[in-house]
Amino acid sequence: MLLRSFPGFTRGRLRSRRHLLTLSAVVAGAVAVLGCMKATASAEGTPLQQGVTTPKLIVFITVDQLRGDMLARYRSDLRYGYARLMRGAWFTNGFQDHAITETAPGHASTMSGRFPRSTGITSNSVGVVDPNFSLIDGLPNEVGASPLRFQGTTLFDWLKAKDARTRALSVSKKDRGAILPIGRAKENIYWFSGNGSFTTSTYYRDTLPTWVREFNARRIAQGYAGKEWRLSRQAATYSEPDSVPFEKGGRDFMFPHPFPADTLAASQYVATTPTMDSITALFALEGLRQMDLGRGPQTDILAVSFSATDYVGHAWGPDSREAHENEMRLDETLGWFLDSLYKLRDSSTIAIALTGDHGVSPIPELARARGQATGDQGLRVTLRPQVTEIRAGLRAAGADTMAFIYDGETVALDRAALKQGNVNADSLLNAFTAAAKAVPGVARVDRPAALRKADFATDPVARRWTHQMPPTSDVELVMTLTRYSYWGSIPATHGTPYDQDANVPIIFYGPWVKPGTYTTFTRTVDMAPTLAAMTRVRPLEKLDGVVLTQALK
């Protein structure tokens, strides 16, 4: 099971003896330790041990760009980890119920129980990038990171307030995927550097622990130099075509996908393959073992964010053969990850949650070709000419051109600078609104104050924008494209308030959970309060989410 999760292997046999020897060393170092430990796992679904009333370990899994319909779409091919978790409490109508459906806002909301308007993480650009805290043993050009823009608390803080012994380990390919689920706590937070090793920033510590350095010394990612990502079964068994030039900009859009021969380049290419998730899972298990998490009596947290789905989706699109193959591989990775977890810890003491940080839209050109997008839908949109014209007008008036602050979906103003230049701010906003609305692919341009007065039941776009921006924000305009339309030229992406970008699965699994498939409207902000109810802790602040009582025994 473990070996099949790595690209370059076909089901049932390895593709080369050289590859076998390379990975055998990795597996021996990372997994053989599990076999020598005394097995403590009990059968799944057994009653709680005497005296055990709350979980000793919460495992929170986020799959980056896991759209809500993907598990149902690939269900017949999901037989391992996904299949096991879907036998828990599976909410199929779950949503990241905010407007800018990006990685940072999504990860900040799940374990805080609050919308971006409360967490302060309203977009990737105001996520975790922080040059004041450099990376440890990363590449020289990699920018540091910290959670200092995050506001408020998370489930970890609530558990820590109950029992000071509570600890957390959070890992991901991405810095924001590792940092934001835990909030501002200085715990064990690690992400993947472009040099092929796990790192953290000086916000958390000055040096890497010995176990992290030893894991990095295995050079797992570098070992894929010169290998290939191949299909795991016969090509004819996939429903998706493999000859779609819209994928990956017309380059490397057909299987097999070769890793670069250079080890540094291979370490970076690995993120666009299922191998990244396998390496992340191995690192998480090693950290659990080395830190001795989940022994109790306190409740510890292991947060794991799997990023390959996002990288594959951006490159080849969510409807590609690559996306299908990647979810099958992640299913296998989740399978051996859970099997290993239950060998290390008693399954009756573990609660698991799984969700996505956002969904994804189809490649616009494909959406139009399929008739999924019609009229002014499915377009690639830019407002650069309109922004340039506005700033040219400010320059001509002798005003500060940067007083008009354009950031993709939003516009903010430096009203004091405009007033000093004798420019009427509201007239400027009205002129830009009219110009933007005339651009094909722009559905609406709204003032946030007006959106807060809308009927949220009939206007989900207004509701999600209101959940996105705090009333104190200096944002004066928010822009929404037509469905399936994109800002920019990336093959496939996300970020809109529409359901295809907001819909994600929400799953709970473990002895405290009432199994079933639930179709009620649910939000990811409901996950933290539900886990708080399981662990009998009190949130330290007012939440946007509610306890999903129907999922609890």
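Biologist: Where does R395 lie?

Modeller: R395 sits in helix 15, residues 384-396. Helices here are DSSP runs of H or I with at least four residues, strands are runs of E with at least two, and both are numbered from the N terminus. This is a predicted model, in which local features need pLDDT of at least 70 and side-chain atom pairs count only at pLDDT 80 or more, while totals for chains, interfaces and linings use all residues. Residues are numbered from 1 along each chain as its sequence is written, and side-chain values use heavy atoms, with hydrogens and water left out.

Biologist: R395, buried or exposed?

Modeller: R395 counts as exposed, at 57% relative accessibility. Buried means under 20% relative accessible area, exposed means over 50%, and partly exposed is in between, with a 1.4 Å probe and protein chains only.

Biologist: Which residues of helix 9 are buried?

Modeller: In helix 9, residues 210-217, they are W211, V212, F215 and N216. These cover an arc of only 135 degrees around the axis, which puts them on the same side of helix 9. The arc is that of the directions from the helix axis to the C-beta atoms.

Biologist: What do they pack against?

Modeller: The buried residues of helix 9 pack against strand 4 (188-192), strand 5 (198-199) and helix 11 (275-291). Contact means heavy atoms within 4.5 Å. Just after helix 9, R219 takes a positive phi of about 50 degrees.

Biologist: Now helix 12. How many of its residues are buried?

Modeller: Eight of nine, in a helix that runs over residues 308-316. Among them are D310, H314 and W316. G317 follows helix 12 and has a positive phi, near 95 degrees.

Biologist: Which bond is cis at F255?

Modeller: The peptide bond joining F255 and P256, with omega about -5 degrees. F255 is in the loop between strand 6 (228-229) and strand 7 (257-258), and it is buried, with a relative accessible area of 13%.

Biologist: What does F255 touch?

Modeller: Leaving out residues up to four places away in sequence, F255 touches W229, R230, L231, D242, R321, E322 and E325.

Biologist: K248 is in which loop?

Modeller: K248 is also found between strand 6 and strand 7. Although not a glycine, K248 has a positive phi of about 50 degrees, and at 16% relative accessibility it counts as buried.

Biologist: What about Q65, buried or exposed?

Modeller: Q65 is buried, with a relative accessible area of 1%. Its phi is positive, near 75 degrees, and Q65 is found in the loop between strand 1 (57-63) and helix 3 (70-73).
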